[in-house]
Each structure stands twice: as structure tokens, then as C-alpha cells.
Amino acid sequence: VDILADIVTNTKLDEHQIEEERGVILKRLQEAESDYKLVTYDYLHLSAYQGTPLSQTVMGPTANIKKLSKEDIKFYVRNNFVAPRMALVGSGDFNHDELVKLAQKYFSSVPHTYTTEIPVLKPCRYTGSEIRDRDDWLPFAHIAVAIDTCGHNSTDIYGLMLAKTIVGNWDKTFQTGEHTVNKLIHNIYKEKRCHSFESFHTLYRDTGLWGCYFVMDGMVLDDFMFNLQNEWMRLCVAITETDLQIAKNQLRTNLLESLDGTTPNCADIGRQVLHYGKRTPLSEVDEHIQSIDLKQLKAICSKYIYDRCPVIAAVGPVEGMTDYNRVRANMYWLRV
């Protein structure tokens, strides 16, 4: 605890170390440009939240890194290393009262109020849209398709987590394929030109992105989009009790595996305390998941997925990608 407190409260900003770290970050930015998954997600946020803070990349533009000064870092520390924006978390075999005493001893110098104006986070506007960065020299197309959802404070997130689990993920190295119960995997397996796909659900304070990221041959993009959107519509109108029970079991297993160890436990506790002001125990999360029935799942999926404007980000040989108007038209089924 004393080492952590020393790092937070007595940070030494040496000019030589700042320049060294600047070079490391610039190199990391260059490497990130060749990570097409990261580039695709950056494009996705740029298109979905255009004109809002969420459209900016996490690492920021190169120009900002180059001009960042010692005074800028000091200003950031003064405005962000304050008690309302911090959480000291412990996980494992330790005494809670003892940890509280150590926190009081070593973190008592941390300011409890903001030195400048209290930051106000404005709601971020979502825009259904698309962005395509065509590069026919790349071997595979990288596509992300998503829709706007609720923020992390809504209980609808548990239904969306189940929906994400039902869509699932797949990689060509997996042995499952033709004989899987996952309908999307079963439909695309015979094409043999899908490299991988994964469903995702990114949550923020008042919004979120729920969708699918996939990597595949540029000539079968239209076929995959057809199968993907059919699966999304099935979630809204034709999902079965068997699908729901399999998803519940798989989601509970995934949640337990994600918290296997003190490090992921600490990260989860800290995130929840800063987001919700408390930690939601796994038993309570499990109750929320188990309480969702088939009717509720269809209602949640219909609320956020059915007849909604998607956002699309595409990188690589994407000439064969489905036109946005057709994608939007396939976000609903005409039922008689």
C-alpha cells in the first residue's frame, strides 16, 4: 500500500523520463495502426459517436503525444488523482480493517475536492452510419457491425449479455462447426472462408454498443451479413427455450472464468465501485441472469435490435460488403 501511495502521490516527472516514455508511446501508436481489429473498433466509435467525446481514440492522435508537456501531465494529475475518482481495492487473504487503516495512513494527503471545475459528462449522441476504409491489398476484410444499447446502470444489460452469448464467437481453429447447436456457426461453416467472428457488448455510462466483429474473405461478406442479421432477428422473434438455457449456463461459466485470480477480481471490483458506487456480487448477477425468461429476452432484443439503425466499420477488401441501405432494411422481418 505504501508503494502504491508513493506512486500516486509522489510522482516524479523527470524531463528525460518523459521523453523516453514519449518515444515508447509513439512506437506503440505505430504498432496499433497494424492491429486491424483495434483500427476497426476505432472507426466504429468514430462513426457511431461522431461529434462526441466517445468518438476519440483511447490512445489519442500522434500530434497530441508529440506536444504533451510536463505541465500538461501535472495538470492531469491534479485534476484526476483525487479521492472521488480513486478506489483502493484488495483481493485475496487480507484483513479489511487493516487495509482501511493503511489507506488512511498513506492516502490521507490525497485531495478530497477538485482543484478546478468538477467535470460534467454530457450524454453521447449515437448516429446510425457507416465508414469504409477500402484496402484491397489486405488478405482479409475486418468488419464491425453494432447497434446502440443502454448504459451500464440498466438491468437490460443482462438480457443483452445472454443475447451476445447466443450469437457467440468462432475461429477457424475451433473443432466445432457442422455439428454445433449455434445456428450462425452452422450456417457459415460450410463456406470455409470465414476466418473468425466474435460478438461484443461495450458498455458506457449512458450508452453502449452491441454487435459483432468478423474477419473473412471479401467475397463472402454479403453472405455472412445475411446470416448474421437472420440470427439477430431470430433473437427477437424466434429464439427457443433451449437456446436460452444453453446461453445461461455458458454465460455463468464465462463470468466465473473471467474472475479466476486476484488480479481480474481487483479490476472488476474497482470498475464496479467507480461505475455503480458498490460491487454487485456474483450471486446477485446470477439471480438477474436466471430471472430472465424467454418472453423477457425477446422483449429486450426487440427493444434494442429490432428495426434499429446499425453502425458499420469496414477495413480491407470491402467492395463486396452489403450496402448500408440493405443492412438497415434487414433489421426487421415482415410478419404476417
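Here's a quick rundown of the nonpolar cores, the cysteines and one surface patch. Keep in mind that this is a predicted model. The largest nonpolar core has 53 residues, the structure holds 0 disulfides, and a nonpolar patch sits out on the surface.

**Nonpolar cores**
- In the 53-residue core, the members that touch the most other members are Ile143, Phe197, Phe214, Trp232 and Ile305.
- Apart from that core there's another one, made of 15 residues, including Tyr41, Leu44, Cys124 and Val215.
- Take Phe197 as a case in point: setting aside neighbours within four places in sequence, its contacts include Val167, Gly168, Asn169 and Trp170.
- Phe197 is also in contact with Leu184, Ile185 and Ile188, and with Cys212, Tyr213, Phe214 and Phe224.
- As background, nonpolar side chains in soluble globular proteins tend to be buried together.

**Cysteines**
- A disulfide would be a covalent bond between the sulfur atoms of two cysteines, but the count here is 0.
- Cys194 is in no disulfide, and the nearest cysteine sulfur, on Cys212, is 8.5 Å away; the cut-off for a pair is 2.5 Å.
- Cys194 counts as buried because its relative accessible area is 8%, under the 20% limit.
- Cys266 has 24% relative accessibility, so it counts as partly exposed.

**Surface patch**
- Ile3, Leu4, Ile7 and Leu88 make up the nonpolar surface patch, and together they have about 390 Å² of accessible area.
- Ile7 belongs to helix α1, which covers residues 2-9.

Conventions:
Residues are numbered from 1 along each chain as its sequence is written. This is a predicted model: local features need pLDDT of at least 70, side-chain atom pairs count only at pLDDT 80 or more; totals for chains, interfaces and linings use all residues. Side-chain values use heavy atoms; hydrogens and water are left out. Patches are made of residues with over 30% relative accessible area and no salt bridge: like charges are joined within 9 Å, nonpolar side chains (Val, Leu, Ile, Met, Phe, Trp, Tyr) within 5 Å. Accessible areas come from the Shrake-Rupley method with a 1.4 Å probe; for residues, only the protein chains shown count as cover. A salt bridge is a side-chain nitrogen of Lys or Arg within 4 Å of a carboxyl oxygen of Asp or Glu. Helices (H or I, at least four residues) and strands (E, at least two) are DSSP runs, numbered from the N terminus. Buried means under 20% relative accessible area, exposed over 50%, partly exposed in between (1.4 Å probe, protein chains only). A nonpolar core is a set of buried Ala, Val, Leu, Ile, Met, Phe, Trp, Tyr and Cys residues joined through side-chain atoms within 4.5 Å. Contact means heavy atoms within 4.5 Å.
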